[in-house]
Amino acid sequence: METREVTEKLAKVPMFSGCTKRELEAIARAAKEVRHPEGHVIAREGDRGLGFFLITDGTARVSIGGKPRSKLGPGDFFGEIALLDRGPRTATVTSTSPIRLLGLTAWVFRGLIEEHPSIGFKLLEVVAGRLREASKDTTS
């Protein structure tokens, strides 16, 4: 996948949508394409998170405690919390079709933040919003 195409996909991700073209290009250069077959566990709840993934093709399901929570498809992403703390995964993500993703590891992302601090602020806003939504779900 060429940098321009990756940049366009990243611009649609809320945490990167406010980034400048230069910042998006830096993220695109750092991201790596990853492919998995149907049924592959991409992220396992409780395992150490290594980074962020953006689905470019294919589908996946999210489960927590073995219970299905949601379905993901092209344009959806997960692992943004791992970019910040490399802590344990909060859910299991399993491909439900052959899948192609863009991956960004935490250690590469930290270098990007040093070069482009505004990317980090945008990520924090998205993570805070997602945590608020998750909190609402548990209190309903």
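Some housekeeping: residues are numbered from 1 along each chain as its sequence is written. Because the model is predicted, local features need pLDDT of at least 70 and side-chain atom pairs count only at pLDDT 80 or more, while totals for chains, interfaces and linings use all residues, and side-chain values use heavy atoms, without hydrogens or water.

So, strands: these are DSSP E runs of at least two residues, numbered from the N terminus, and two of them pair if DSSP finds at least two bridges between them. Arg-61 sits opposite Lys-71 in β5. Two residues separate the strands of that hairpin, and Gly-65 has a positive phi near 60 degrees there. β4 also pairs with β7, residues 92-95, again antiparallel, over four bridges, with Ala-60 partnering Ser-95.

What does Gly-46 touch beyond its neighbours within four places in sequence? Pro-88 and Arg-89, with contact meaning heavy atoms within 4.5 Å. Gly-46 and Gly-65 are 9.9 Å apart, C-alpha to C-alpha, and 19 residues apart in sequence. Gly-46 counts as exposed because its relative accessibility is 51%; the cut-offs are buried under 20%, exposed over 50% and partly exposed in between, using a 1.4 Å probe and protein chains only.

At 44% relative accessible area, Leu-50 is partly exposed.
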